[in-house]
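Hi,

Here is the structure I promised to send over. Have a look at it first, and then read on for what turned up.

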Amino acid sequence: MIELPDRIEKAELADKPKVVFNGIIEEIDTEDKAQKAIRILRNEKVVGFDTETRPSFARGQGHKIALLQLSTDDMAYLFRLNKIGIPDCIADFLATPDIIKVGVSVKDDFASLASRRKFSPAGFVELQDMCGGMGIEEKGLQKMYGLLFGERISKNQQLSNWEIESLTEGQRQYAAVDAWACLRIYRYLLELKQSGEYRIISKHAEESNTEKG
């Protein structure tokens, strides 16, 4: 029986080992490359999904979504939307119900993607709903992953410039990890649900019992 807490404190993540994506990371900056990547991804049943947008530090300033990440177990494709927009091959893939796309706060991503092109998302799984249905209270990717795997997803690159001409190695790693981590969480939660061999422990109840003691 696997026992998991229903939440984890941010301070608990500080000393955890850093997550590293050890697969191949491919930057997609032309429509031709996008078509080739999507053809490969169409052979998958499930992929991890995430997006990145250049942050705004001035009131009233905003930027369109810059990056779309789709990951398999060993390949992470980084689509430079600020360079190629959302061509038909990507829009069609995101609207394909037969291939599961797993992410966190996917409705926010839909809104961001729609600023570049309208499409009808299908086949998406929201990890917040999946975790919540199992009794896990965390809503953010970093805490979900830390709780389940005891590792820390670094957020150092989150507020970097995602419209830069060439992504840095730190940005490439960060973007790949975020999409791949969604895939890994999904598969692990599915395995737990199917086996039924897990128990979620309420940290609030534990803290209450400790205080009473």
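At what angle do helix α7 and α8 pack, and how far apart are their axes? Helix α7 (residues 141-149) packs on α8 at about 50 degrees, and the axes are 10 Å apart. (Axes here are lines fitted to C-alpha atoms, for helices over the stretch in contact, with angles from 0 to 180 degrees between N-to-C directions.) That makes α7 oblique to α8; angles under 35 degrees count as roughly parallel, over 145 as roughly antiparallel, 65 to 115 as roughly perpendicular, and the rest as oblique.

Before going further, a word on the ground rules. This is a predicted model, where local features need pLDDT of at least 70 and side-chain atom pairs count only at pLDDT 80 or more, while totals for chains, interfaces and linings use all residues. Residues are numbered from 1 along each chain as its sequence is written, and side-chain values use heavy atoms, with hydrogens and water left out. Helices (H or I, at least four residues) and strands (E, at least two) are DSSP runs, numbered from the N terminus.

Back to α8. The crossing of α7 past α8 is left-handed, that is, the near helix is turned anticlockwise from the far one by less than a right angle (clockwise would be right-handed). On the α7 side, Leu141, Met144, Tyr145, Leu148 and Phe149 do the touching, and their partners in α8 are Asp178, Trp180, Ala181, Cys182, Arg184, Ile185, Tyr188 and Leu189. Contact means heavy atoms within 4.5 Å. Sorted by type, this contact has 11 nonpolar residues, no polar ones and 2 charged. (Ala, Val, Leu, Ile, Met, Phe, Trp, Tyr, Cys and Pro count as nonpolar, Asp, Glu, Lys and Arg as charged, and the others, Gly among them, as polar.)

Leu148 of α7 is worth a click. Leu148 is buried, with 10% relative accessible area; buried is under 20%, exposed over 50%, and partly exposed in between (1.4 Å probe, protein chains only). Beyond its neighbours within four places in sequence, Leu148 contacts Leu4, Ile136, Ile185, Tyr188 and Leu189. Its C-alpha lies 9.9 Å from that of Ile136, 12 residues away along the chain.

Helix α6 (residues 127-134) also packs on α8 (residues 169-195): the axes come within 11 Å and cross at roughly 30 degrees. The two are therefore roughly parallel. Leu127, Met130, Cys131 and Met134 of α6 meet Cys182, Ile185, Tyr186, Leu189, Leu190, Leu192 and Lys193 of α8. That contact divides into 10 nonpolar residues, no polar and 1 charged. This crossing is left-handed too.

Which residues of α6 are buried? They are Leu127, Gln128, Met130, Cys131 and Met134. Those residues cover an arc of only 165 degrees around the axis, so they sit on the same side of α6; the arc is that of the directions from the helix axis to the C-beta atoms. Asp129 and Gly133 are exposed on the other side. The cover over the buried residues includes β6, β7, α7, α8 and β8 (198-201).

Helix α5 (residues 106-114) has a buried set as well, made up of Val106, Asp109, Phe110 and Leu113. Down the axis of α5 they fall within an arc of 105 degrees, so they line one face of the helix. Lys107, Asp108 and Ala111 are exposed on the other side. Among the elements covering the buried residues are β3 (46-53), β4 (65-71) and α4 (88-94).

In the loop between β6 and α5 you will find Ser105. Ser105 has a positive phi of about 55 degrees although it is not a glycine. For context, most residues other than glycine have a negative phi. Ser105 counts as partly exposed, at 26% relative accessibility.

- Ala34, in helix α2 (residues 31-41), is buried at 0% relative accessibility. Leaving aside neighbours within four places in sequence, Ala34 contacts Ile28, Phe79, Ile84, Pro87, Cys89 and Ile90. The C-alpha atoms of Ala34 and Ile90 are 7.4 Å apart, across 56 residues of chain.
- Tyr77, in strand β5 (residues 75-80), is buried at 2%. Not counting residues up to four places away in sequence, its contacts include Glu26, Ile28, Ala37 and Leu68.

Cheers
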